[in-house]
Amino acid sequence: MPPETATSSTAAAFLSMIRKPVKLRVFLLQKLPAAYFSGLRVVSATETVAAVSVPYKWFTQNPFRSTYFACLAMGAELSTGILAMAQTWGRNPPISMLVTGVESRFYKKVTGITLFTCSEGSQVKQAVVAAHTTGLAQTVKVRSEGKSEKGELVAEFWFEWSFKAKSTAT
């Protein structure tokens, strides 16, 4: 099977898993318990775009009655991380992934559900494919946009992801 076909099928398998609410909740509880308890939800996920909602509730709010910035960051990171995990899932050799930088801007007080969307899956895929084929670490900076229920931009996050093929030496 050509490498690109294998990549697409493993990405499809990962995305299929996280689109199932029960499997997603189990995954979050096992791998990202803070996201599970905060109530983050994957609204949509493809190889190029992922959207994650962050609820406004007692568990996610700060003393100023708005959503705590760390919960917003968690939702934004998950929207980019889904795209990264879809590309690294099931690769041989495995690809390690790590956030190496974060920037953010906040525009409005958040007192409702926030939807974070990252539309830069093609850039993530290019970095992962390059890391896989060259064996060299690759970085990519991707943006996640947070909007309120009214469609207003409330926050933006930029995450720098690093990808590197793991050594197969024993």
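Q: If buried means under 20% relative accessible area, exposed over 50% and partly exposed in between (1.4 Å probe, protein chains only), which class does R65 fall in?
A: R65 is exposed, because its relative accessible area is 62%. The structure is a predicted model, in which local features need pLDDT of at least 70, side-chain atom pairs count only at pLDDT 80 or more, and totals for chains, interfaces and linings use all residues. Residues are numbered from 1 along each chain as its sequence is written, and side-chain values use heavy atoms, with hydrogens and water left out.

Q: Where is R65 in the chain?
A: R65 belongs to the loop between strand 2 (50–54) and helix 4. Helices (H or I, at least four residues) and strands (E, at least two) are DSSP runs, numbered from the N terminus.

Q: And what is its backbone doing, I mean phi of R65?
A: Phi of R65 is near 60°, which is a positive value in a residue other than glycine. Most residues other than glycine have a negative phi, and most peptide bonds are trans.

Q: Which form does the peptide bond from N92 to P93 take, cis or trans?
A: The bond from N92 to P93 is cis, and its omega is near 0°. P93 itself is found in the loop between helix 4 and strand 3.

Q: Changing topic: how many salt bridges are there?
A: The count is 6 salt bridges, where a salt bridge is a side-chain nitrogen of Lys or Arg within 4 Å of a carboxyl oxygen of Asp or Glu. Side chains of opposite charge can pair when their charged atoms come close.

Q: What is the partner of K141, then?
A: K141 pairs with E103, and the closest N and O atoms are 2.4 Å apart. This pair links distant parts of the chain, since K141 lies in strand 5 (residues 138–147) and E103 in strand 3 (residues 95–106), 38 residues apart.

Q: Are K141 and E103 buried or exposed, or in between?
A: K141 counts as partly exposed because its relative accessibility is 41%. E103 is partly exposed as well, with a relative accessible area of 37%.

Q: What about K108, which residue does it pair with?
A: K108 forms a salt bridge with E152, with the closest N and O atoms 3.5 Å apart. Here too the pair links distant parts of the chain: K108 is in the loop between strand 3 and strand 4 (114–118), while E152 is in the loop between strand 5 and strand 6 (153–165), 44 residues away. K108 has a relative accessible area of 44%, so K108 is partly exposed. E152, at 33%, is also partly exposed.

Q: Which residues are linked in a network of salt bridges?
A: The network links R143, E145, K147 and E156. Within this group, the side chains of E145 and K147 meet in a salt bridge of 3.5 Å, N to O. E145 is partly exposed because its relative accessible area is 23%, and K147 is partly exposed at 32%.

Q: New topic: which residues line the largest cavity?
A: The lining consists of F14, I18, L24, F27, L28, V42, L78, G81, I82 and M85. On a 1 Å grid over the protein atoms alone, a cavity is a set of points where a 1.4 Å probe fits but cannot get out, and a pocket is an open set with protein on both sides within 12 Å along at least five of seven lines; lining residues have an atom within 4 Å of a point.

Q: Which helices supply that lining?
A: Helix 1 (3–18), helix 2 (21–31) and helix 4 (69–88) each supply at least two residues of the lining. The largest share, 4 residues, comes from helix 4.

Q: And what lines the largest pocket?
A: The largest pocket is lined by L32, A35, M74, E77, L78, G81, M85, M97 and W161. Helix 4 gives the largest share of this lining too, with 5 residues.

Q: Last one: where is F37, and how far is it from F59?
A: F37 is placed in helix 3 (residues 33–38). The C-alpha atoms of F37 and F59 are separated by 7.9 Å, although the two residues are 22 residues apart along the chain. F37 counts as partly exposed because its relative accessibility is 46%.
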